[in-house]
Amino acid sequence: MESSDRNTQCCIAGGGPAGLMLGYLLARAGLRVTVLEKHDDFLRDFRGDTIHPSTLTVLQDIGLLEEFLKLPHQEVAELSGDVYGQTVTVADFRHLPAPRPFLVLIPQWDFLDFIAREARKFPGFTLCMGAKAAGVIEEGGRVTGAQVESHEGNYAIRADLVVGADGRHSVIRPDGGLESVDTGAPIDVLWFRLPRDAAHDPERTGGTIRPGAILVTLNRDEYWQCAFVIPKGSLEQMQQEGIAAFRVRVARIADFLADDVDALRSWDDVKLLSVQISHLRRWWREGLLCIGDSAHAMSPVGGVGINLAIQDAVAAANLLAQPLREGRLRTQDLEAVQRRREWPARVTQRAQVAIQNEVLSPVLTSSTAPGDLPLPLKLLQRLPLLRRLPARLVGIGVRPERVRSLN
Ligand SMILES: Cc1cc2nc3c(=O)[nH]c(=O)nc-3n(C[C@H](O)[C@H](O)[C@H](O)COP(=O)(O)OP(=O)(O)OC[C@H]3O[C@@H](n4cnc5c(N)ncnc54)[C@H](O)[C@@H]3O)c2cc1C
């Protein structure tokens, strides 16, 4: 079956934010690195659109910030939403200690294409599209490479290090024998597009909360990318009620969508994105490391998963580039990556679980609007200085990473 064997210093399974950023940084440090991406392109729209100040700082560290900001994007200085008819601002990014104190909204494929384009400028970087990591190769109790299934045929890649950056449905993680603990999540997301009338529709990207409903609308110019939050497992009942009833439900939440909902012709136009929160007890074993969602699957709450995945990549490159370059990688180096990144990931996941349980689930199960805003939201309205705290958590996060110069 195998057409040939290949060799590299680091083989990364998964060309998402974690995998591509790690590939970029290791290639920049002079290493030979191969990134395997199972899809033929990055054109999938289910992975979130937010690039936070922490990632903008990383882009500045590697000298790509100005080029990146030339791509079409939106800049969001504060996060606000329509909560039971009141505009509520929950985060103000303007005061963050970052080179660019705002969120960038950009379709994730544009971000990934950009990083891949820049990474290809390094001679050691190889990106194999349409190449699926089917499992790890083990020899003498250590991982020594990955099996690859691709359009060119199946082959093996030998590597000093294999990195599982293959997301929340990782193949590498279980095949490498790493045990994942599922925290569960009470929500799922329905993901669909509606046409956008630039002349009449509002500009803003944001969330709308109504009794029993949460809808996030991302402005992508010609269309709205919509994320409709539902209680986990409730899709079947909604499907039984029919697509027409769903159209009515959406139009009732956001009246500016009323003329657009007819674009949903059947349930085929609506994708179910299953939300999951999980973590690995151990992120590594000899020859293998998992980072990003593969090590700690994030909920969409706060839109922080992409940025955490990138922080993992920066920490991994900081800690591993030199030992890899010198051919003296030890399991202690892999353990150091987990030690550095596990705490930020777990703290963020705990905050996501709290928001899911204390805020989102009660909204989704309520049938009437509360007489008053919940206390935290009321405080955020009365005391604007408080909005800097959620901005800090979302925009920069816990234990931010900076790229160390490796050349
Ligand atoms: C509904 C929803 C909305 C979200 N919205 C946001 C948001 O707005 N902002 C935000 O920051 N986070 C958001 N998140 C979280 C975010 O998507 C993840 O945390 C983030 O994408 C993790 O990055 P990653 O690189 O670890 O994994 P992924 O982005 O999942 O990338 C993994 C990559 O590996 C590839 N792959 C998978 N298996 C293989 C294989 N066997 N071989 C080769 N390639 C493989 C996949 O095709 C993919 O390209 C959202 C999550 C959900 C569920």
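User: What should I know before I look at the model?

Analyst: This is a predicted model, in which local features need pLDDT of at least 70 and side-chain atom pairs count only at pLDDT 80 or more, while totals for chains, interfaces and linings use all residues. Residues are numbered from 1 along each chain as its sequence is written, and side-chain values use heavy atoms, with hydrogens and water left out.

User: How many helices and strands does the chain have?

Analyst: The chain has 11 helices and 20 strands. Helices (H or I, at least four residues) and strands (E, at least two) are DSSP runs, numbered from the N terminus.

User: What is its radius of gyration, and what would a compact globule have?

Analyst: The chain has 22 Å, which agrees with the value near 22 Å for a compact globule of 407 residues. The radius is taken over C-alpha atoms, and the globule rule is 2.2 Å times the number of residues to the power 0.38. Along the principal axes, the C-alpha atoms fill a box of roughly 65 × 45 × 40 Å.

User: How much of the chain is buried?

Analyst: Of the 407 residues, 54% count as buried. Buried means under 20% relative accessible area, exposed over 50%, and partly exposed in between (1.4 Å probe, protein chains only).

User: And which residues have the most contacts inside the largest nonpolar core?

Analyst: They are L59, F68 and L289, in a core of 78 residues. Helix α8 (residues 305–325) gives the most to this core, with 10 residues. A nonpolar core is a set of buried Ala, Val, Leu, Ile, Met, Phe, Trp, Tyr and Cys residues joined through side-chain atoms within 4.5 Å.

User: What is L289 in contact with?

Analyst: Leaving aside neighbours within four places in sequence, the partners of L289 include W283, W284, A316, L320, L334 and V337. Contact means heavy atoms within 4.5 Å. There is also a second, separate core of 22 residues, which includes L194, L215, F246 and I253.

User: Why would such residues gather?

Analyst: In soluble globular proteins, nonpolar side chains tend to be buried together.

User: Which residues form a nonpolar patch on the surface, then?

Analyst: L375, L379, L383 and L386 form one, with about 340 Å² of accessible area together. Patches are made of residues with over 30% relative accessible area and no salt bridge; like charges are joined within 9 Å, and nonpolar side chains (Val, Leu, Ile, Met, Phe, Trp, Tyr) within 5 Å. Accessible areas come from the Shrake-Rupley method with a 1.4 Å probe, and for residues only the protein chains shown count as cover. L379 lies in helix α10 (residues 375–382) and is partly exposed, at 36% relative accessible area.

User: Changing topic: is Q349 buried or exposed?

Analyst: Q349 counts as buried, because its relative accessibility is 3%. This residue is found in helix α9 (residues 331–365). Not counting residues up to four places away in sequence, Q349 touches I277, S278, H279, H296, A297 and M298.

User: Where is P231, and what does it touch?

Analyst: P231 is in strand β16 (residues 223–231) and counts as partly exposed at 33% relative accessibility. Beyond neighbours within four places in sequence, P231 is in contact with P186, I187, D188 and L364.

User: How many salt bridges does the structure hold?

Analyst: The structure holds 22 salt bridges. A salt bridge is a side-chain nitrogen of Lys or Arg within 4 Å of a carboxyl oxygen of Asp or Glu.

User: What does the pair of E66 and R100 tie together?

Analyst: The side chains of E66 and R100 meet in a salt bridge at 2.8 Å, N to O. E66 lies in helix α3 (residues 65–68) and R100 in the loop between β6 (86–92) and β7 (103–105), so the pair ties together parts that are 34 residues apart in sequence. E66 is partly exposed, at 48%.

User: Which residue forms a salt bridge with K121?

Analyst: That residue is E118, with the closest N and O atoms 3.0 Å apart. K121 is exposed, with a relative accessible area of 59%, whereas E118 counts as buried at 11%.

User: Which residues are linked in a network?

Analyst: D312, R340, R341 and E401 are linked in a network of salt bridges.
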